[in-house]
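Let's walk through a structure together, one feature at a time. Have the sequence and the 3D view open, and follow along.

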Amino acid sequence: MTADFVSLVQNIYPKSLGPWCVIEMFADDWMRALMNSLSHSFPLIKEEPYFAECFSQGVEERHAQEAREITKFILMRSPELLIPTMEGAKMMATGLDRFWFGLEKLLRDSQ
């Protein structure tokens, strides 16, 4: 699943702004989930500069807003990119769903 997702990203990320917007919209959520899951074994991880700064300063939320604004700007000037952008976003969302499903299955199977 991971290899499939990485291949998908390598293929569609350079072709469309849609995948970038999808990734940025979910980045804060999945990074918090990662940090919270690691905190069970590494209780001080929340205080590590990377995570502490990222969440206290809303870095990923800002990135998501910037991705939307840049995409909106480009689409207003190049409306012909709307369909490829939406197709790329759908492909990325589907790929993320498969990736997370694969991780959940891996966790369930390991229990």
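## Reading the pocket, the cores and the salt bridges

A: Let's start with the largest pocket: α5 gives the largest share of its lining, five residues. Before going on, note that this is a predicted model, where local features need pLDDT of at least 70 and side-chain atom pairs count only at pLDDT 80 or more, while totals for chains, interfaces and linings use all residues. Residues are numbered from 1 along each chain as its sequence is written, and side-chain values use heavy atoms, with hydrogens and water left out.

Q: What counts as a pocket, and which residues line the largest pocket?

A: On a 1 Å grid over the protein atoms alone, a pocket is an open set of points where a 1.4 Å probe fits, with protein on both sides within 12 Å along at least five of seven lines; lining residues have an atom within 4 Å of a point. Here the lining is made up of Trp-30, Ala-33, Leu-34, Ser-37, Trp-100, Leu-103, Glu-104, Leu-106 and Leu-107. Both α2 and α5 supply at least two residues each.

Q: Let's step back to the whole chain. How many helices and strands does the protein chain have?

A: Helices (H or I, at least four residues) and strands (E, at least two) are DSSP runs, numbered from the N terminus. This chain has five helices and zero strands, and its C-alpha atoms fill a box of roughly 50 × 35 × 15 Å along the principal axes.

Q: What does "buried" mean, and what percentage of the residues count as buried?

A: Buried means under 20% relative accessible area, exposed over 50%, and partly exposed in between (1.4 Å probe, protein chains only). Of the 111 residues, 32% count as buried.

Q: Which residues make up the largest nonpolar core?

A: A nonpolar core is a set of buried Ala, Val, Leu, Ile, Met, Phe, Trp, Tyr and Cys residues joined through side-chain atoms within 4.5 Å. The largest has nine: Phe-5, Leu-8, Ile-12, Val-22, Ile-23, Ala-89, Met-92, Leu-96 and Phe-99.

Q: How many salt bridges does the structure hold?

A: A salt bridge is a side-chain nitrogen of Lys or Arg within 4 Å of a carboxyl oxygen of Asp or Glu. The structure holds two. In one, the side chains of Asp-28 and Arg-32 meet at 2.9 Å, N to O. These two sit four residues apart in helix α2 (residues 17-38), so about one helical turn separates them. Asp-28 is buried, with a relative accessible area of 9%, whereas Arg-32 is partly exposed at 31%.

Q: And how far apart are the closest N and O atoms of Lys-105 and Asp-109?

A: They are 2.8 Å apart in the salt bridge of Lys-105 with Asp-109. Both residues lie in helix α5 (residues 82-110), again four residues apart, about one turn. Lys-105 is partly exposed, with 39% relative accessibility, and Asp-109 is exposed, with 54%.
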